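Thanks for coming. I have one structure to show today, and I will keep it short.

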Amino acid sequence: KAYSPRPILYEVSDLLSSDLRKFTGGLEYEPLESNTLMSYRGGLRMLHDREVFHLELKAIQRTREEGNLNNIHLLLPFIRSADEFLRIKKMIIDFRLTRQSGCKLWLSIDTPAAIVTLEHYLKAGVDGISLNADNLTMLFSGLDPHNSEVAVQFREDNEAVLEAYHYAIKLCHKYNIPIIFSGETLIHRGELLEKLVSWGISGIT
């Protein structure tokens, strides 16, 4: 409400099973996973745990309609394929969260696969793209920045990651789709910010 009418991107919940297990009752329902970063999360959980996802969509619908806050838009995290995106999009439409109602649907790009198949997402009806720098750097380089054994090799300016950013920005320009950059990377790499701006990034968060 404080930011209206400026747009707000609401990122759909993407808590990891390791986080949810800490909640009351979490141990009873959440699986014990060896690698929670690449696990039961994102689009997979939205599709399999629909009741919870529907409650979240209903809350956003009520906030937009009853609170007259049409500046709220959705950001979907960790979607693994365009097919997964389309199945989730159908659920979202059921809650009247559509372009017709003024609700834009953004997609967080978290994996190398999503970069390679980005054009499929753009053709499927995405209104905006957010590059998740932390996840992309980790998965492109195959290094966990939280693992002291390999963290010294973790670099935000990894050449493959930079090429991925450049490709994604050019493709979004081709389809006239806004693309923003999200992550803590810029805290450490000011020169990366300069490159993103020169390539035509739409925004930074």
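I will go through the core and then some points of the backbone. Please keep in mind that this is a predicted model.

Let me start with the core. The largest nonpolar core has 47 residues. Within this core, the residues that touch the most other members are Leu-76, Ile-129, Leu-131 and Tyr-165. Helix H9, which covers residues 159-174, supplies the largest share of the core, with eight residues. As a general point, nonpolar side chains tend to be buried together in soluble globular proteins.

What is Leu-131 in contact with, leaving aside its neighbours within four places in sequence? The list is Ile-109, Ile-115, Leu-136, Tyr-165, Ala-168, Ile-179, Ile-180, Phe-181 and Ser-182.

Now the backbone. Most peptide bonds are trans, and most residues other than glycine have a negative phi. With that in mind, look at the bond between Ser-4 and Pro-5: this peptide bond is cis, with omega at about 10°. Pro-5 sits in the segment before strand S1, residues 8-11.

Next, phi. Phe-78 is not a glycine, yet its phi is positive, near 50°. You will find Phe-78 in the loop between strand S2 (72-76) and helix H5 (82-93). Arg-96, also not a glycine, has a positive phi of about 60°. Arg-96 is in the loop that runs between H5 and strand S3 (105-109).

Is Phe-78 buried or exposed? Phe-78 counts as buried because its relative accessible area is 4%, and the cut-off for buried is under 20%. Arg-96, at a relative accessible area of 49%, is partly exposed.

Terms used. Residues numbered from 1 in each chain as written. Predicted model: local features only at pLDDT ≥ 70, side-chain atom pairs only at ≥ 80, totals over all residues. Heavy atoms only, no water. Core = buried A, V, L, I, M, F, W, Y, C linked by side-chain atoms within 4.5 Å. Buried < 20%, exposed > 50% of the residue type's maximum accessible area, 1.4 Å probe, protein only. Helix = DSSP H or I, 4+ residues; strand = E, 2+ residues; numbered from the N terminus. Contact = heavy atoms within 4.5 Å.
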